[in-house]
Amino acid sequence: MRVVIQENYENMSKWAANYIAEKIKNHKEDRPFVLGLPTGSSPIGVYKELIKKNQAGEITFKNVVTFNMDEYVGLPHEHDQSYWYFMHDNFFDHIDIPAENIHILNGMAEDPVAECEHYEEMIASFGGIDLFMGGIGVDGHLAFNEPFTSLTSRTGLRDLTTDTRIVNSRFFGNDPEKVPAQALSVGIGTVTDSKEVLVLINGHNKARALAAVVEGNVSQKWTCSALQMHNAAIIACDEAACGELTVDTYKYFLDIERKERL
């Protein structure tokens, strides 16, 4: 596992955006670059940086295919808290990606199980995901794979915990009851099947989760800990998220990254 520690959220976002942009530009295979994407507050800075690069002509998304991590059940596209709306408002509407290259789970699907199975089939039809960017919750959940979700899970219907609904209620008038109780989500196995995984972790409130990912045991209690088993997992974090790491671990990753730059 690679852990890239940046001074603050802005620097973390710029580092991650630069990394993704280079991967897209250096993609030489005779097929689109397949990019997995998250929602939430963590990736907004990365999206802003990628938009800048696209509008400045430094990068194009014309040969990029995207698959989003998750979507609430029961929210139509036009709902301002649907993840379809979030992605278009914060990213897709500002770059040159073809509409047909965008894939987001349909939270209004009549048959959620069939929708999730089809999603897995579509990912496979493009040869798998080249890089999956993600963020984690304060309890270490990756996508909507709450604690004790199987570490080999695939895309499916997820029940959201009370804690997750409380945290997300800030987007729903601070009323947890207005937050959908279910979501469609890629599985932990779906994410770890990707060639690379880049997870953003920022803020002091994520410090326990970062320590669990990096120093803890691989456990269903912290679904993000499955990244320890991935050969190309990268954590991009800010200083604020490092508060629970041991001093030796913190120094180790700073030293390794310093040598990488030499």
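This is a predicted model: local features need pLDDT of at least 70, side-chain atom pairs count only at pLDDT 80 or more; totals for chains, interfaces and linings use all residues.
Phe-67, by contrast, is buried, with a relative accessible area of 0%.

Phe-67 and Phe-126 form an aromatic pair with 6.0 Å from centre to centre and 70° between the planes, an arrangement described as edge-to-face. This pair links distant parts of the chain, since Phe-67 belongs to strand S3 (residues 64–68), while Phe-126 sits in the loop between helix H4 (112–125) and strand S6 (131–135), 59 residues apart.

## Other aromatic pairs

A pair of aromatic rings is described by two values, the distance of the centres and the angle of the planes. The count for this structure comes to 11 aromatic pairs, and one of them joins Tyr-47 and Phe-91, whose rings are stacked at 4.6 Å centre to centre with 20° between the planes. Tyr-47 lies in helix H2 (residues 44–55) and Phe-91 in the loop between H3 and strand S5 (102–103), so this pair ties together parts that are 44 residues apart in sequence.

Tyr-47 counts as buried, at 0% relative accessibility, and Phe-91 counts as buried as well, at 1% relative accessibility. These two residues also belong to a cluster in which ring pairs link Tyr-47, Phe-61, Phe-91 and Phe-92.

## Cysteines without disulfides

A disulfide is a covalent bond between the sulfur atoms of two cysteines, and the structure holds zero disulfides. For Cys-237, the closest cysteine sulfur is that of Cys-242, at 3.9 Å, which is too far for a bond because a disulfide requires the two sulfur atoms to be within 2.5 Å.

Cys-237 is buried, with a relative accessible area of 0%, and Cys-116 is buried too, with a relative accessible area of 1%.

## The largest pocket

The largest pocket has a volume of about 700 Å³. Its lining is made up of 32 residues, of which Thr-39, Gly-40, Ser-41, Asn-168 and Arg-170 lie nearest the centre of the pocket. The elements that give two or more residues to this lining are strand S4 (70–72), helix H3 (83–90) and helix H5 (162–168), and the largest share, four residues, comes from H5.

Technical notes: Residues are numbered from 1 along each chain as its sequence is written. Side-chain values use heavy atoms; hydrogens and water are left out. On a 1 Å grid over the protein atoms alone, a cavity is a set of points where a 1.4 Å probe fits but cannot get out, and a pocket is an open set with protein on both sides within 12 Å along at least five of seven lines; lining residues have an atom within 4 Å of a point. Grid points are joined across faces, edges and corners, and a volume is the space filled by probe spheres set on the points. Rings of Phe, Tyr and Trp (its six-membered ring) pair if their centres lie within 6.5 Å; planes under 30 degrees apart count as stacked, over 60 as edge-to-face and the rest as tilted. Buried means under 20% relative accessible area, exposed over 50%, partly exposed in between (1.4 Å probe, protein chains only).
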